[in-house]
Amino acid sequence: MDRLFAPLGLVWSPVSPRLTTRSRILWSMFVVPFTVVLVVAIVLLSGPAWLLWVVLVAGVAALPVGWWYAARRTRAWGYAERDEDLYVRHGVLIRQLVAVPYGRMQFVDVTAGPIERALDLAQVEMHTATPGTRARIPGLTPDEAARLRDRLTALGEAQAAGL
Amino acid sequence: MTRPLEHDFQRVHPISPFLRVGVFVLAGILATWRQVVEDFEAWVLLLTLGAFLAVGLVYGLLSWWFTRFRIDPDELRIDSGVLLRRSRRISIERLQGVDVRQPFLARLFGMAELRFEVAGGSNTEAPLAYLRLDEAHRLRGVLLDRDTAPPAGAAGTPVDEQPVDEGPADEQPVGVEAGDPAENTPTPSPGTAVPGAAVPGAAVPGAAVPGRPAPRYEREIARVDPGWLVVGTLLSTEFIASLVFAFLAVVASVLFGEIAGLALVFPAVLGAGSVLVRGIVQQWGFVLSDVGSGWRLRSGLFDLRSQTVPLDRVQGIVLVEPLLWRPMGWVKVQVDVAGYAGTAAQQGGPSTSTLLPVAPRQLALAVLARLVPGSHPTDVPQRPAPRQARWFRPVGWRYLGVGFADDVVVTTRGWVKRRTDIVPHHKTQSIRVSQGLLQRRLRVVDITFQTTPGPVDAVAKHRPLEEIPEWVWHQLERAADARRLHPGVSPWGTRDPA
């Protein structure tokens, strides 16, 4: 799907499609209450009828657009483990690739919020001495997250490099 | 070994509360000056000042009495607090640097404060203030030698391991003796810069002070002429921008009536003033010298600051050349230092990140050659950006470039303010490729060689897609090879786990 980083010839592992579900839940949790509040405010303040329609149409249209975009975003995530480096790609509008040597790793975070836990998902984040690195992989299954964490920690220790 | 390394608990110098009271009185004057000016009544003034003085003195004496410190084998312990007792432990192993600073008032009395930079902490610990200048330097030596010494159990007592080199010089600012208020320029004969030459610092009478460790050495690398500093600051982009802003504010006040314009003039003047203060006052008498364990930066017209950059923790270098400096060929040299992350930005002004505030190109290159021995980063052939880049930068695209040598990767950019970012291969943290919408259309990407936080920002902007493997794949290989050659230092202290 992503031809931009194809010249690197990496085999990308996808993230779980349930990440799409998570994004859709979050998007709906934002759009639905926002639309409802606006509609109630317009009705209470007896605003013009056309404004009411604009808000309703925008609110209803935003849902499928966001849902479609969530799927695109999930497909944009990918990671590749090589002998010495981890590659992570993501982003639909702005496409990004981060390549981190295992030896540069300071520590690994595995996190899972309430929605992630309900969906059986976890996120792995690899930290280096640079906050700008942000090698983050969301939407992993807990097993895969644990495997990745252990592998990253082991490789990080084996190849550890000083600053 | 649990015996304290230094004597038991000590207190800071008894003059400290009185110096602090000076600050209190200043605060009192600042808080009440309006009333004093508006309806002057002498007894109100005296009463207020007296109250501030009394409260300040009592508080100062109490807090001085309750503040004690001790150097243990692996930590510095500072107990403080009158009502709420507080015991801070600063792990010596995580100590990235100890800086000796002399605020103006303290400097008049020959006092100094010790500041601690701790790895992993985003901010500087509260300083230990005030100590006699030579005592501050001595403690600094004890703490840092402890840090670079082999772990306990290795041969010899750590305190004895001083870098004894030729030249009976001392790390103390030349000529500054405790209690010498007349001392304002800490260095002899300002001006002449000596690129790369090993100039032994002058011997200091303080070397005879009992209890002082074996003499250290200090060799001057570069000295910034006050003339360069003044002209350079006046011609800096920031100062000119604030002048233009002030000019526009004056024009606006003439056109639209006084009140609106004046509201703008004031911040503009303030901005210009702060640029001058940061550029000239804080960097006055800037001296860069080699002290064995690293490079020492020293500067300040009133507040004297001295900081040491451990050279093996330098992660990247940037040369900045503003438009108006180029006729003179002047350059500013800044570096990223691991472990000094937050402090550089927070305190503003001369931080450990500025190695040379302004210097002729020749001198800057001499300093650069010592930082990156063996290669000439400024001579690395630069690959120009593709023609598509002109859509993003109609003029500046000609100045975009990236290139690599055996040991460094170099990026250049900037038309008005030209900058050259240099990252040694073995210091590369990670590589980021990013492509925005317009960049996708024009088939280019930005490639960032990431280092630890700091002024260095090595971005190869708008590179053609075909170069991605070159700058990601092969660059990572070069970095991996370089890491095997230069194992580097462990981020936590100097003890490498490898």
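E81(A), E144(A), R147(A) and R151(A) are linked in a network of salt bridges (a side-chain nitrogen of Lys or Arg within 4 Å of a carboxyl oxygen of Asp or Glu). The model is predicted, with local features needing pLDDT of at least 70 and side-chain atom pairs counting only at pLDDT 80 or more. Residues are numbered from 1 along each chain as its sequence is written, and side-chain values use heavy atoms.

Over all chains, the whole structure holds 24 salt bridges.

| Pair | N to O distance |
|---|---|
| R22(A) and E116(A) | 2.7 Å |
| R478(B) and E470(B) | 3.2 Å |
| D481(B) and R484(B) | 3.1 Å |

R22(A) and E116(A) meet in a salt bridge. R22(A) lies in helix α1 (residues 18-44) of chain A and E116(A) in helix α3 (residues 114-119) of chain A, so the pair ties together parts 94 residues apart in sequence. Helices here are DSSP runs (H or I, at least four residues). R22(A) is partly exposed at 22% relative accessibility; E116(A) is buried at 17%. Buried means under 20% relative accessible area, exposed over 50%, partly exposed in between (1.4 Å probe, protein chains only).

In chain B, R478(B) is buried at 16%. D481(B) and R484(B) sit three residues apart in helix α11 (residues 468-485), about one helical turn. D481(B) is partly exposed at 44%, and R484(B) is exposed at 56%.

Chain B also carries a nonpolar surface patch of V244(B), F247(B), L248(B), V251(B), L255(B) and F256(B), with about 650 Å² of accessible area together. Patch residues have over 30% relative accessible area and no salt bridge, nonpolar side chains being joined within 5 Å. F256(B) lies in helix α6 (residues 237-256) and is exposed at 65%.

Methods: Chains lettered and ligands numbered in written order. Patch = residues over 30% accessible without salt bridge, like charges linked within 9 Å, V, L, I, M, F, W, Y side chains within 5 Å. Areas by Shrake-Rupley, 256 points an atom, 1.4 Å probe, with all protein chains shown as cover. Helix = DSSP H or I, 4+ residues; strand = E, 2+ residues; numbered from the N terminus.
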